[in-house]
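Good morning, and thank you for coming. I shall walk you through one chain today, and I ask you to keep the picture in view while I speak.

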Amino acid sequence: MKTFAAAFLSLTFLAALPGAATAAADTAQFRATRTPAKTANAPTRKVRSVVVRKAAAPVIPAVPTFGQVAGLHQVDDPLSLKSSVAYVLDQDTNEVLFSKNPQAVLPIASITKLMTALVVVEAGLSLDEKISVTDDDIDTEKFTRSRLAVGTTLTRGDMLHLALMSSENRAAHALGRNYPGGLDAFVAAMNAKAQSLGMTDTHYVEPTGLSSRNQSSAADLAKLVNVTSQVPLLRDLSTSREARVALGKRLVQFHSTNGLLSNPLWDIGLQKTGFINEAGKCLVMQASMAGRKLIMVFLDSSGKASRIADAERMRKWLASQGETATASAKL
């Protein structure tokens with residue numbers, strides 16, 4: 001009885017409120033129209049969720065490399081390499097073990113930095129001298145970024161290390177700019193050195209490799225690798241896997257751009273990687289394999305890790321060639 005009385009009093013109180021009855025009726029009617037009463041035979045409706053997707057970003061076609069434009073990738077080779085240019089040379093005998101488009105003249109990207117380093121070292125400039133990054137070292141060719149902010153001051157030796165190991169463009173440019181006579185004199189020295197080495201297909205316009213006008217052939221680059229691999233400092237710096245450099249109050253870790261240096265199957269004496277859109281992925285190395293010192297050049301490789309994959313294919317192929325030769329000698 002108490003429960004009924006309480007309910008009756010609540011209803012009486014609500015009815016006495018202005019508009020309460022009308023609001024209750026409207027609410028009931030709204031619910032009735034939004035949720036119709038189920039009948040015994042009425043099927044259950046499933047609520048379908050609609051996902052609104054953003055429009056896909058427009059696909060920007062990749063810029064073709066010089067090698068692709070020239071049709072060099074259409075040349076077949078027994079290893080199905082992704083590089084349009086490949087060249088392997090026995091360093092001691094000058095025997096060419098593999099050749100694919102060796103005379104093609106293409107942009108060489110940061111392979112340029114090998115010549116940059118060679119000119120710096122042969123100039124006898126102090127590696128302990130401090131040089132600074134300025135606005136002149138900012139990349140206005142490809143607008144690439146750098147961890148070396150304007151105002152960064154390092155020794156010439158540190159700049160050389162970062163240019164070879166981490167392919168630091170501002171470091172390479174600062175090295176050229178601080179050459180006696182300035183950048184123009186440095187580029188002239190690069191071209192003069194190339195000519196003295198018999199690199200007749202080679203031409204440089206700046207020390208970083210960002211310009212597609214820095215061009216060479218595989219046969220020419222093999223000559224450059226042969227010379228630079230005989231300079232102990234360049235061997236050490238180019239094959240360094242990592243280094244900590246003091247940038248202001250911070251110690252910053254830099255790493256090599258060549259993952260093969262961490263592979264125990266490789267004995268690499270000197271190396272340099274390179275990439276710009278016009279050149280594709282590039283790689284040059286001096287490596288010891290099966291008792292032989294080999295020079296390897298891969299240019300215009302298509303794909304993110306293709307130059308490394310091409311080098312692995314070459315290593316396995318050379319190993320199989322050595323095993324075949326050994327087996328034949330025993331017969």
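Ser256 is found in the loop between strand β8 (250-255) and strand β9. The helices (DSSP runs of H or I, at least four residues) and strands (DSSP runs of E, at least two residues) are numbered from the N terminus. Before we go further, please note that this is a predicted model, in which local features need pLDDT of at least 70 and side-chain atom pairs count only at pLDDT 80 or more, while totals for chains, interfaces and linings use all residues. Residues are numbered from 1 along each chain as its sequence is written, and side-chain values use heavy atoms, with hydrogens and water left out.

Is Ser256 buried or exposed? Ser256 counts as buried because its relative accessibility is 19%. Here buried means under 20% relative accessible area, exposed means over 50%, and partly exposed lies in between, with a 1.4 Å probe and protein chains only. The side chain of Ser256 reaches the backbone nitrogen of Asn258 at 3.1 Å. Apart from neighbours within four places in sequence, Ser256 is in contact with Met165, Ser240, Arg241, Leu261 and Gln271; contact means heavy atoms within 4.5 Å.

Let us turn to the chain as a whole. It holds 10 helices and 11 strands, and 45% of its 331 residues are buried. Of the contacts with a separation of 6 or more, 62% are between residues 24 or more positions apart.

Next, the sheet. Five strands form an open sheet in the order β2-β1-β11-β10-β9, with antiparallel pairing. Its edge strands are β2 (96-100) and β9 (267-276), each of which pairs on one side only. Neighbouring strands of this sheet are turned by 10° against each other on average, direction ignored; the axes are lines fitted to C-alpha atoms, for helices over the stretch in contact, and angles run from 0 to 180 degrees between N-to-C directions. Two strands are said to pair if DSSP finds at least two bridges between them.

Strand β10 (residues 280-289) is joined by eight bridges to strand β11 (residues 292-301), and Met289 stands opposite Arg292 in β11. Strand β11 also pairs with β1, over seven bridges in the antiparallel sense; there the bridge partner of Asp90 is Leu294. On to β2: four bridges join it to β1, with Leu89 opposite Val96. The strands β1 and β2 form a hairpin with five residues between them, and Asn94 in the turn has a positive phi of about 65°. How many of the residues of β1 are buried? Eight of its eight residues are.

Helix α8 (residues 218-228) packs on this sheet, where it touches β1 (83-90), β9, β10 and β11, and its direction makes about 135° with that of β11. Eight of the 11 residues of α8 are buried, among them Ala218, Leu221, Leu224 and Val225.

Beyond its neighbours within four places in sequence, Leu148 is in contact with residues including Val133, Leu154, Leu247 and Phe254.

Another helix deserves a moment. Helix α7 (residues 182-196) has 15 residues and reaches 21 Å from its first C-alpha to its last, close to the 21 Å expected at 1.5 Å a residue; that expected span is 1.5 Å times one less than the number of residues. Its buried residues include Phe186, Val187 and Met190, and what covers the buried residues includes α4 (112-122) and α6 (169-177). After α7 comes Gly198, whose phi is positive, near 80°.

Finally, two residues other than glycine with positive phi. Ser80, with phi near 55°, lies in the loop between α3 (66-69) and β1 and is exposed, because its relative accessible area is 52%. Ala109, with phi of about 50°, sits in the loop between β3 (106-107) and α4; Ala109 is buried, because its relative accessible area is 0%.

Terms used:
Polar contact = N/O pair within 3.5 Å; in protein donor to acceptor, adjacent residues only side chain to side chain.
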